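Hi,

Here is the structure I promised to pass on. Have a look at it first, and then read my notes below.

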Amino acid sequence: MRILSFFAVFAAFAPLALHAQLPFNVDLQTEHLTNPMGIDTKQPRFSWRVLDFGKTTHLSGYTFVVGSDSTAVAKGQGDQWQHLGHDDSAVHVYAGKPLKPFTKYFCRVTLTGTNNRSLISPVATFETGMMTQGNWKGDWISDTRDIRLKPAAYFRKQFDLNKEIASARVYIAVAGLYELSINGERVGDHMLDPMYTRFDRRNLYVTYDVTSQIRQGNNAIGVLLGNGWYNLQSTAVWYFDKAPWRGRPTFCLDLRIIYKDGSEETISTNNTWKTTLSPVVFNSIYTGEHIDARKAIPHWNEAGFIDTAWRNAIYRAAPSQNVTAETTVPIRIKAILPAVSVKKFNDTDYVFDIGRTIAGISSLKVQGPAGTVIRLKHGELLHPDGHVDQSNIIVHYRPTDDTDPFQTDIYTLKGDGAEFFIPHFNYKGFQYVEVTSSRPLTLTQNSLTGYFMHSDVPSAGQISSSDSILDKIWAATNASYLSNLFGYPTDCPQREKNGWTGDAQIAVETGLYNFDAITVYEKWLADLRDEQQPNGLLPNIIPTSGWGYDWATGPDWTSAIAIIPWNVYLFYGDDRLLHDCYDNIRRYVDHITDKYPTGLTDWGLGDWIPVKSQTPVEFTSTCYYYADVDILAKSAKLFHHEKDYEKYTALATKIKTAFNDKYLDKATGGYDRNLQTELSAALYWHLVPAQFIPKTAAALGARVRADSVKLDVGLLGTKTILNALSENGYNDLAYRLASDTAYPSWGHWMMRGATTLLENWNIESSSDVSHNHIMFGEIGAWMYKGLAGIYPDTAAPGFRHIRLRPHIPKGLQSFVAGHNSPYGSIISGWNTTKDGRVQYHAILPPGTTADLRLEYAGKIVKTANLTAGASLFDIKP
């Protein structure tokens, strides 16, 4: 067993450890992004965190400036806004002069700390975009209106520039997906842009700085359009092929150029743009991509190309009247994974293994005769004979013929030497790729490479311990979380790619402890608002073609509308998302109340895929109904809606009373049949009356022991079981469940070689056996809560005050967790010395406080009020 050095995680937060080497010691962001380009927000939010606090433990004030002149801002002078503050808020809303569109602004913050020491950010930037719909100059164009046409279209525009260029920006809005190039060079490193939305209600545009790619003289813009979810030609049970927004991909583009003499020019889309079909002869974000390299058009996106044989583009109606900036982190390739092995069956059949399960794409380096057809079949499993097995992920696919095989790319060789294939508009979930060909080929292990793709959310957490299984579970949880983050949270990256609300609300804390994911959640909650019906009803997958308003909807899933904004508020101290969703939460709660006036509701899917025992749907759905109402009441108080606060506080009381009247055994503190999910859900969601909490907690402990300290929960129970045990004096049991390696457990998956989380406790199950599901991922958040004890405080959100509740269980020699909060990094952990003492360490960033309640082996051994800086406590067993 390895003994952890406490500073292993400390070193992972490098800016803290390397403060002496940093020229600046504050990280400044706008709209929770670093130097964002093309934002539409009239009152952007600014946030900063201390990277290097040295000896600074207290912050007494700040000076924040915004201006149009970088030199002046560097000197502390801003012509847009100068603000001197003494508040300790995590987020600061712009209150200066009105911002202009297409304008680059500069900002800087100086914090005053202990002994008047200044903590200074570098000069940061943010750049406005269109700001209003009326600033667009381009037209929406396409090549046809035929949604059945399979090949993707190329578009190009050639133009001359006769002056010296100072700056150039592209603004591009697309219904579908795109790849943009200028003068033959691809623009940016984003994948699968723009993000998926309800296309007939909201479209996103992306801004690029292309100053270095535009030149004086002759230029050319090239655009390749893909279907994405806008024109899904594959057929599955969710009817996206019948989506109300469906159309042939279309786009609108403005290239805005500012010359050195101060004049401006805009190159925009219209029907003078030229178009033809590309070698991408089929593309489906759900199944795969087919490219015929024989149809390649060399130099199509370069100046000087002769496009007289191309047709003129046609005008199209805008897909919606709401085109807004994509203000979220993009999807990028984040890891390149060469194959770790290849098995050759014969010279037309090879199976490659990239070593771990991912979401992403694969590439192939190959050489062979023209017309050779190559198929790359992706899967998570192998048959006993070594061929790729898709049986666990293909169940919901409904193909109409054999031309669109599932998770399979098809490449037809051009035959002129070494060729390289990589798809443009697709991603898959896989570890194995089976490459088959119509003619013999010579392939080696180096021929195939995997690429892990996901929304590029910065890391915000780190965990390390003396328990290697626990560390593997944490890594697998993060891998599944990222594999299911593509501008919206999904359930799995292969079988469905759907934005299931239940999976998302269960995993939100895991996401926020480990990643700076606020911009993805803000984008997706806008999708929820777009999908909500006037009566408050929400579907269970978002976005949706219209499927999911009946089966599997209900508060246990669609509580995402309340739970996610509330957690974002707690983690960031930023109430904008909660404020934007307030009316939606209220309408949703009112809809449940109208349908179920007694205070109890059996509307929902229930504790999905339990080990063996099934909790009544009414039990779990009422817990979530209560949670929604409780969040709504607290939000009403926060936003000073006094009548709503009184109304929903009373409703919460009514629900709690009805729930306990039916399910609580006052003699024993038990609930219903005393199942693990029942007892833990009642405790976790705060439905247990205060005087019964000790009895209910004891009943939960007894239940777990009666179950031989084995899990007996489904999806909803995994959210509550570990937390309810840890928060009520039974952390040793929680740790035993979390670190177990026998079936059913997370550790059992790890022992079987899993590198991501599975959909089913039983690996051998005949259904529901995706190998990359996030739905059982709450354990990733529990490690920060149930072990490190890092909790936000409702009264001081954003971790301005930290409820520090570390629980040190028997048998875990060392553990440390770090979370990069809005104020800086919080670190909590312990290690065991050679003489058997346990040393607990905590580090808090400037401007924060904590109340510590340290539990060891089920007993409170230390309480203290902590301020910023480092603290150390010795525990003698």
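His299 sits in the loop between strand S21 (288-292) and strand S22 (311-312). Its phi is near 65°, a positive value in a residue other than glycine. Most residues other than glycine have a negative phi, and most peptide bonds are trans. Helices (H or I, at least four residues) and strands (E, at least two) are DSSP runs, numbered from the N terminus.

Keep in mind that this is a predicted model, where local features need pLDDT of at least 70 and side-chain atom pairs count only at pLDDT 80 or more, while totals for chains, interfaces and linings use all residues. Residues are numbered from 1 along each chain as its sequence is written, and side-chain values use heavy atoms, with hydrogens and water left out.

There are cis peptide bonds to look at, too. One joins Ile542 and Pro543, with omega about -5°; Pro543 is in the loop between helix H6 (518-531) and helix H7 (555-558). Another runs from Tyr743 to Pro744, with omega near -5°, and Pro744 lies in the loop between helix H15 (731-739) and helix H16 (746-751).

Now the cavities. On a 1 Å grid over the protein atoms alone, a cavity is a set of points where a 1.4 Å probe fits but cannot get out, and lining residues have an atom within 4 Å of a point. Grid points are joined across faces, edges and corners, and a volume is the space filled by probe spheres set on the points. By class, the lining of the largest cavity has nine nonpolar, six polar and three charged residues (Ala, Val, Leu, Ile, Met, Phe, Trp, Tyr, Cys and Pro count as nonpolar, Asp, Glu, Lys and Arg as charged, and the others, Gly among them, as polar).

The second largest cavity has a volume of about 110 Å³. Of its 16 lining residues, Leu177, Leu192, Tyr196, Trp229 and Ile285 are the closest to the centre. That lining has 13 nonpolar, three polar and no charged residues.

S3 turns up again in an open sheet of three strands, ordered S1-S3-S6 with antiparallel pairing (two strands pair if DSSP finds at least two bridges between them). Strands S1 (26-30) and S6 (92-93) are at the edges, each with a single partner strand, so one side of each has no neighbour in the sheet. S3 and S6 pair over two bridges, and Phe46 stands opposite His92 in S6.

Elsewhere, strand S28 (residues 373-379) pairs in the antiparallel sense with strand S31 (residues 408-412) over five bridges, with Arg375 opposite Ile410 in S31. S28 also pairs in the antiparallel sense with strand S33 (residues 428-437), over six bridges; there, His378 has Val433 as its bridge partner.

Cheers

Technical notes. 1 Å grid on protein atoms, 1.4 Å probe; cavity = no way out; pocket = protein on both sides within 12 Å on 5 of 7 lines; lining within 4 Å.
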